[in-house]
Amino acid sequence: MESRCWLVALPATDGWLYVYRVYAPADALPADLFWDAWHCHDEGPHPRAYDVFDAAEIQLLD
């Protein structure tokens, strides 16, 4: 199955919105995309992102 590029935006405690590219199939579950981006953010040097699924914005790039 071919991977597609998703954008996942996570709000953080500093008021910024951090956007990550996640490569996954077109039929990927939104929760899996969220956790992939959240774990990537959590391992980086940025302020803590909210771990609230409903606060994330997920969009498939065409």
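Entry 1, the model. I am working with a predicted model, in which local features need pLDDT of at least 70 and side-chain atom pairs count only at pLDDT 80 or more, while totals for chains, interfaces and linings use all residues. Residues are numbered from 1 along each chain as its sequence is written, and side-chain values use heavy atoms, with hydrogens and water left out.

I looked for disulfides, meaning pairs of cysteine sulfur atoms within 2.5 Å, and the count came to 0. Cysteine 5 is in no disulfide, since the nearest cysteine sulfur, that of cysteine 40, is 13 Å away. I also looked up accessibility, where buried means under 20% relative accessible area, exposed over 50% and partly exposed in between, with a 1.4 Å probe and protein chains only. Cysteine 5 is buried at 14%, whereas cysteine 40 is partly exposed at 42%.

Entry 3, aromatic rings. I counted rings of Phe, Tyr and Trp (its six-membered ring) as paired if their centres lie within 6.5 Å, with planes under 30 degrees apart taken as stacked, over 60 as edge-to-face and the rest as tilted; this gave 3 aromatic pairs. One of them joins phenylalanine 34 and tryptophan 35, whose centres are 4.9 Å apart and whose planes stand at 70°, so I noted the pair as edge-to-face. Phenylalanine 34 is buried at 1% relative accessible area, but tryptophan 35 is partly exposed at 37%. Tryptophan 35 also pairs with tryptophan 38, with centres 5.4 Å apart and planes at 80°, so this pair is edge-to-face. Tryptophan 38 is buried, at 8% relative accessibility. Ring pairs link Phe34, Trp35, Trp38 and Phe53 into a cluster.
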